Amino acid sequence: KGEQLRFRNSNPTFLEGVEIKSLDASHPLYISRRKTSKSESDYGLFATRPWKAYEKIGEFVGLVTEGTSVRSKYVYEFKMSQMKGTPTKLALHAEKVGNEIRFMNKFENVAAHHNCALMESFNDATGEPTVEVRAIQNIDKGEELLKK
């Protein structure tokens with residue numbers, strides 16, 4: 001798993017303006033995932049209020065470790081982790097200690113484009129890596145939040 005680097009934000013948070021919903025039979029991912037037993041992949045993240053383009057939805061939280069030996073759909077590998085003296089490879093593990101953001105589906109087979117972006121940065125005060133989720137276009141209430 002690599003060396004654990006932080007526990008900050010490792011407890012689930014409750015983000016306002018979003019909700020996790022079970023995918024119904026009309027959702028394109030419902031059919032493709034039906035071959036396996038019900039799991040977290042049978043869910044999506046949906047807006048409970050309108051979001052404006054470039055508005056911050058929340059931070060993708062989890063346990064940040066050095067190395068990426070664990071393979072899971074809930075592991076985010078940092079692309080800019082070589083900056084500010086951090087280890088070469090950092091990964092955010094959200095499966096057991098993440099928040100609602102981990103239920104965000106990729107846009108492929110769901111929509112023509114993604115409506116959210118994951119944006120890496122470093123906390124200026126602590127130097128810790130963070131991943132913000134921002135709307136990249138206006139998002140209506142009830143619309144699914146989708147990443148690239």
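These exercises walk through a predicted model.

**Exercise 1. Ile-101**

Find where Ile-101 sits, and decide whether it is buried or exposed.

Solution. 
- Step 1: Locate the residue. Ile-101 belongs to the loop that links strand 7 (90–93) and strand 8 (105–106).
- Step 2: Check its surface. Its relative accessible area is 2%. Buried means under 20%, so Ile-101 is buried.
- Step 3: List its contacts, leaving aside neighbours within four places in sequence. They are Leu-15, Leu-45, Glu-59, Phe-60 and Val-133.
- Step 4: Compare sequence with space. Gly-58 is 43 residues apart from Ile-101 in sequence, yet their C-alpha atoms are 7.8 Å apart.

**Exercise 2. The largest nonpolar core**

State how many residues the largest nonpolar core has, and which have the most contacts inside it.

Solution. 
- Step 1: Count. The core has 22 residues.
- Step 2: Ile-57, Phe-60, Leu-92, Ile-139 and Leu-145 have the most contacts inside the core.
- Step 3: Trace the strands. At least two core residues come from each of strand 3 (43–47), strand 7 and strand 10 (129–135). Strand 10 gives the most, with three residues.
- Step 4: Look around Leu-145. Not counting residues up to four places away in sequence, Leu-145 touches, among others, Val-18, Leu-45, Ile-57, Met-104 and Ile-139.

**Exercise 3. The largest pocket**

Describe the space in the largest pocket and its lining.

Solution. 
- Step 1: Give the volume. The largest pocket holds about 450 Å³ of space.
- Step 2: Name the lining. It comprises 20 residues; nearest the centre are Tyr-76, Lys-106, Leu-118, Lys-147 and Lys-148.
- Step 3: Assign elements. Helix 1 (28–33), strand 6 (75–77), strand 8 and strand 9 (116–122) give two or more lining residues.
- Step 4: Eight lining residues are nonpolar, three polar and nine charged.
- Step 5: Focus on Lys-106. It lies in strand 8. Its relative accessible area is 49%, so Lys-106 is partly exposed. Beyond its neighbours within four places in sequence, Lys-106 contacts Leu-146, Lys-147 and Lys-148.

**Exercise 4. Strand 9 and strand 10**

Work out how strand 9 and strand 10 are joined.

Solution. 
- Step 1: Read the direction. The two strands run antiparallel, and seven bridges join them.
- Step 2: Find a facing pair. Phe-122 is opposite Pro-129 of strand 10.
- Step 3: Inspect the turn. The hairpin has six residues between the strands, and Gly-127 takes a positive phi near 80 degrees.

Notes: Residues numbered from 1 in each chain as written. Predicted model: local features only at pLDDT ≥ 70, side-chain atom pairs only at ≥ 80, totals over all residues. Heavy atoms only, no water. Helix = DSSP H or I, 4+ residues; strand = E, 2+ residues; numbered from the N terminus. Buried < 20%, exposed > 50% of the residue type's maximum accessible area, 1.4 Å probe, protein only. Contact = heavy atoms within 4.5 Å. Core = buried A, V, L, I, M, F, W, Y, C linked by side-chain atoms within 4.5 Å. 1 Å grid on protein atoms, 1.4 Å probe; cavity = no way out; pocket = protein on both sides within 12 Å on 5 of 7 lines; lining within 4 Å. Points joined across faces, edges and corners; volume = space filled by probe spheres on them. Nonpolar A, V, L, I, M, F, W, Y, C, P; charged D, E, K, R; others polar. Pairing = 2+ DSSP bridges.
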